[in-house]
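The following note sets out, in numbered points, what a reader may check in the model shown below. Please read each point with the structure at hand.

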Amino acid sequence: MTGSNMSNALANAVCQRCQARFAPAERIVNSNGELYHEHCFVCAQCFRPFPEGLFYEFEGRKYCEHDFQMLFAPCCGSCGEFIIGRVIKAMNNNWHPGCFRCELCDVELADLGFVKNAGRHLCRPCHNREKAKGLGKYICQRCHLVIDEQPLMFKNDAYHPDHFSCTHCGKELTAEARELKGELYCLPCHDKMGVPICGACRRPIEGRVVNALGKQWHVEHFVCAKCEKPFLGHRHYEKKGLAYCETHYNQLFGDVCYTCSHVIEGDVVSALNKAWCVHCFSCSTCNSRLTLKNKFVEFDMKPVCKRCYEKFPLELKKRLKKLSELAARRGWQTQSTLPQPHVGRTPTGAAAKGPLPSPQQGPSSIPLGTLGA
């Protein structure tokens, strides 16, 4: 439409409300093709302008939100608020879809339907349970109807005998039946579904799965074999097919320091068929700490540094040397051929199972025969 044609059309147009023409420079409101003076585009009830231009139309008349609700919108029987949009009419009342719920289990009834029971609106399963309770009978967990004959019980749930069957193949179930998401399955059908079974409770795992010890577990069922507290993502340590927390693994299987008699946490010094904390491994004579670079000899099944050994009486050193040579001739592993000590690791910072790491470079022993008199 050209500019001149539009001007002619506006010159001949009239306001939808007052039927008067528009002035040439006047602002015009266009609502779905209907033209209004600005002061005429108001609520049909309160005659005020529409807040933010929002209005509701009913039977050809326009209303602001407040007046439309007051005049026409029903109130919800539950929350008491006005209902805009879908209205559920039931039990001689109006409801928001989300407010119309079963009075026992609180499930939404808008799309499920309901049953009137003693003045209450209930879902069908709750209605059947209430009915069965009054009759002193059971409700079938499959069809949710009253069981008139002798029920078949499975894990404290009742079933019609012909309803205790596999959901997938229809076979009659046994005590090995498996339940998944409210449905029953025979063991072969359940296994084909690939649902993991908890190694503790033998029930399906529908949420998070813990893979450990060659099995799968519910998070809350994977626990320490000693204290039975769940690991909840914390590190565990394996021993003979069982899992332990760090504290009880150390108490049950950790090395005990020969000097302080405490379970060793961290590095372990292994020497003379004993274990020491790193800071406890010292000369038994002068108590000077032995490091990875120090050399020592064994005396009375304890480490002695080279400096203290040199202070031994000559006769004692000769006797020790003779004993060492005698043991060497017999092929025994004695003081003259001590194994090289090494440093290992306790579970702290180590692998959860298996032997300690391979020996590292550690303090070396001095064959007594090389010290001389």
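1. Overall burial and surface. Of the 373 residues of the protein chain, 35% count as buried; buried means under 20% relative accessible area, exposed means over 50%, and partly exposed lies in between (1.4 Å probe, protein chains only). The chain exposes about 23,400 Å², and carbon and sulfur atoms supply 50% of that area. Accessible areas come from the Shrake-Rupley method with a 1.4 Å probe, and for residues only the protein chains shown count as cover.

2. Basis of the note. This is a predicted model, in which local features need pLDDT of at least 70 and side-chain atom pairs count only at pLDDT 80 or more, while totals for chains, interfaces and linings use all residues. Residues are numbered from 1 along each chain as its sequence is written, and side-chain values use heavy atoms, with hydrogens and water left out.

3. Secondary structure and contacts. The protein chain has 7 helices and 24 strands; helices (H or I, at least four residues) and strands (E, at least two) are DSSP runs, numbered from the N terminus. Among the contacts in the protein chain with a separation of 6 or more, residues 24 or more positions apart account for 24%. Contact means heavy atoms within 4.5 Å.

4. The nonpolar cores. The largest nonpolar core has 22 residues, of which W276, F281 and V304 touch the most other members. A nonpolar core is a set of buried Ala, Val, Leu, Ile, Met, Phe, Trp, Tyr and Cys residues joined through side-chain atoms within 4.5 Å. At least two residues of this core come from each of β19 (267-271), β20, β21, β22 (302-305), α6 (306-310) and α7 (314-329). Apart from it lies another core of 14 residues, including V210, C224, F231 and Y237.

5. Strand β20 and its partner. Both faces of β20 are covered: K274 and W276 are buried on one side, and A275 and C277 are buried on the other. Strands β19 and β20 pair in the antiparallel sense over 4 bridges, where pairing requires that DSSP finds at least two bridges between two strands. V269 stands opposite W276 in β20. The hairpin of β19 and β20 has 2 residues between the strands, and L272 takes a positive phi near 55° there. The charged end of K274 sits over the ring of Y258, 5.1 Å from its centre; the rule asks for NZ of Lys or CZ of Arg within 6 Å of the ring centre and within 35 degrees of the ring normal.

6. Aromatic pairs. Rings of Phe, Tyr and Trp (its six-membered ring) pair if their centres lie within 6.5 Å; planes under 30 degrees apart count as stacked, over 60 as edge-to-face and the rest as tilted. By this rule the count comes to 14 aromatic pairs. The rings of F41 and F50 have centres 5.0 Å apart and planes at 75°, so this pair is edge-to-face. Both F41 and F50 are buried. F281 and F296 form another edge-to-face pair, at 5.6 Å centre to centre and with 85° between the planes. F281 lies in the loop between β20 (274-277) and β21 (295-299), and F296 lies in strand β21, so the pair ties together parts that are 15 residues apart in sequence. F281 is buried at 0% relative accessibility, and F296 is buried at 1%.

7. The surroundings of F55. Not counting residues up to four places away in sequence, F55 touches S31, F41, F50, K62 and Y63.

8. Positive phi in two loops. Most residues other than glycine have a negative phi. D106, which is not a glycine, has a positive phi of about 70°; D106 lies in the loop between β6 (93-95) and β7 (115-117) and is partly exposed, at 46% relative accessible area. L213 has a positive phi near 55°. L213 lies in the loop between β15 (209-212) and β16 and counts as partly exposed, at 23%.

9. H218 in strand β16. H218 lies in strand β16 (residues 215-218) and is buried, with a relative accessible area of 13%. Leaving aside neighbours within four places in sequence, H218 is in contact with C198, C201, R203, P204 and I205.
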